[in-house]
Amino acid sequence: MTSQYLISILNLAGLMALIAVAFYGAFKLTLHSIVQQITFGLILGGGAIFVSLQPIMHVSGVQNDPRNIFVGISAAIFGPWAGLVTFLIAAVTRYYEAAPSANVCVFSLFVAGCAGLVWRHYTRNLVRKRQVHFIILGLTISLSYLSTFLLPRDHWLDIFTTAVPILILTNVIGAMILGGLLERHHNQEERERELLNHAFLDPLTGAMNRRAFEKEYETSILSQTSSCIAFIIIDLDDFKNVNDTYGHTVGDKVLVGVCKILQRSIRDGDLSARFGGDEFVLCLPDISVGDVAPILDRIRRSVSKFGKEEFDLDLNLTVSIGVSWRRKPQRLRAAFESADKSLYQAKANGKNQSMSDDRTIVARDVVNDV
């Protein structure tokens, strides 16, 4: 029995290494959290199937294997969706083994998943989890073996004196090794993603920054078969007066608000970014020149109303807009220079207006229309 148990532990260790590698690859494939959870659940569900093929022992006609640890770790580390997927895989394989104790074993798997979620809840605010926390995880998952009392009474003694101690030890070892490894790697990936977001997002508004816009422009505009591109630069008129009169706190709220206005005004697939200061950039692919003007008028109207609706202050906000419209996409530098010339012309003409490089967009004083 000891040699069989050692072989099972070695197999389990090898399986944990494979799961860690699969986890790393799956994390890189998608950024969507729900998809990731389901993927991780499938990986750990595969581990549950594998260990069911090599049980540690049979006691009183009941197959004993460390399936519960995979369900519990899946729920504890990755969340409820992952735990549910792993549970369903493990439960289906257990049920189709058609053993007399199948229903009890399925219930035991369910309890293991719930135990993992409880552990996840009580440790969610810990910045760094120590080995003792994973020992507790293994012991918490082992509470699922209390379902043994649902078996016939004459099975209790044999299972609790032979199988359960070994399974508890396996759970603790598995939680320490696999749980600890996945938790550390998961945290590392999350930190890297957070750093990446900081590198590509404007910290004040949450919009794309210039670096992110340039990268997205290269990948989604120049590399696609887009036609009729509008490249737009939007600049707040006399924004310094807002900061000088009402303070930088109000000024920051204005920038955040203008960013939200821009995002609400454009379509899915359009690009919006804060280039710095009070300057914003839009790129609208596959749009006719006649459809650009209503969007810009909507933006200017919303900006002119912003202070009154948000702070009950008459901020007199206006924007000047420069547009470059082309039938085919330009390189970013050329598009920016063309739109910047139009913006300069809008400023020179008295601000609070939009100008295009071919003069097709008519400037209007929005404030007088409100």
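**Entry 1**

I began with Pro-285, which is buried, with a relative accessible area of 10%. I note at the outset that the model is predicted. I then looked up the place of Pro-285 and found it in the loop between strand E5 (279-284) and helix H11 (289-310). Cys-228 itself counts as buried because its relative accessibility is 18%, and the cut-off for buried is under 20%.

**Entry 2: Cysteines**

How many disulfides does a search of the whole structure find? I recorded 0. I also looked up Cys-283, which has 0% relative accessibility and therefore counts as buried.

**Entry 3: Backbone angles in two loops**

I looked for positive phi at residues other than glycine. Asp-286 has a phi of about 55 degrees, although it is not a glycine. Asp-286 sits in the loop between E5 and H11, the loop that also holds Pro-285. Is Asp-286 buried or partly exposed? At 48% relative accessibility, Asp-286 counts as partly exposed, whereas Pro-285 is buried.

Asp-238 is a further case, with a positive phi of about 50 degrees, and it is not a glycine either. I located Asp-238 in the loop between strand E3 (229-236) and helix H9 (239-246). Its relative accessibility of 41% places Asp-238 in the partly exposed class.

**Entry 4: Helix H10**

I compared the length of helix H10 (residues 248-265) with expectation. Its 18 residues should span 26 Å at 1.5 Å a residue, and the end C-alpha atoms are 25 Å apart, so the two agree. I then listed the buried residues of H10: Val-250, Gly-251, Val-254, Leu-255, Gly-257, Val-258, Cys-259, Ile-261, Leu-262 and Ser-265. An α-helix has 3.6 residues a turn, so residues three or four places apart point the same way. Against which elements do the buried residues of H10 pack? I found E3, H9, strand E4 (271-276), E5 and H11.

**Entry 5: Helix H4**

I made the corresponding check on helix H4 (residues 80-95). H4 has 16 residues and reaches 21 Å from its first C-alpha to its last, close to the 22 Å expected at 1.5 Å a residue. The buried residues of H4 are Ala-82, Gly-83, Val-85, Thr-86, Phe-87, Ala-90, Ala-91 and Arg-94. I noted that Arg-94 is in this list.

**Entry 6: The pair H3 and H5**

How do helix H3 (residues 67-78) and helix H5 (residues 102-123) cross? Their axes come within 7 Å and cross at roughly 30 degrees. That makes H3 roughly parallel to H5, because angles under 35 degrees count as such. I recorded the crossing of H3 and H5 as right-handed. From H3, the residues in contact are Arg-67, Asn-68, Val-71, Gly-72, Ala-75, Ala-76, Ile-77 and Phe-78. From H5, they meet Ser-108, Leu-109, Ala-112, Gly-113, Gly-116, Leu-117, Trp-119 and Arg-120.

**Entry 7: The chain as a whole**

I closed with totals. The chain has 12 helices and 7 strands. Of its 370 residues, 49% count as buried. Among contacts between residues at least 6 apart in sequence, 69% join residues at least 24 apart.

Notes. Residues numbered from 1 in each chain as written. Predicted model: local features only at pLDDT ≥ 70, side-chain atom pairs only at ≥ 80, totals over all residues. Heavy atoms only, no water. Disulfide = S-S within 2.5 Å. Buried < 20%, exposed > 50% of the residue type's maximum accessible area, 1.4 Å probe, protein only. Helix = DSSP H or I, 4+ residues; strand = E, 2+ residues; numbered from the N terminus. Expected span 1.5 Å × (residues − 1). Axes fitted to C-alpha atoms, helices over the stretch in contact; angles between N-to-C directions. Parallel < 35°, antiparallel > 145°, perpendicular 65-115°, else oblique. Left-handed = near helix turned anticlockwise from the far one by under 90°. Contact = heavy atoms within 4.5 Å.
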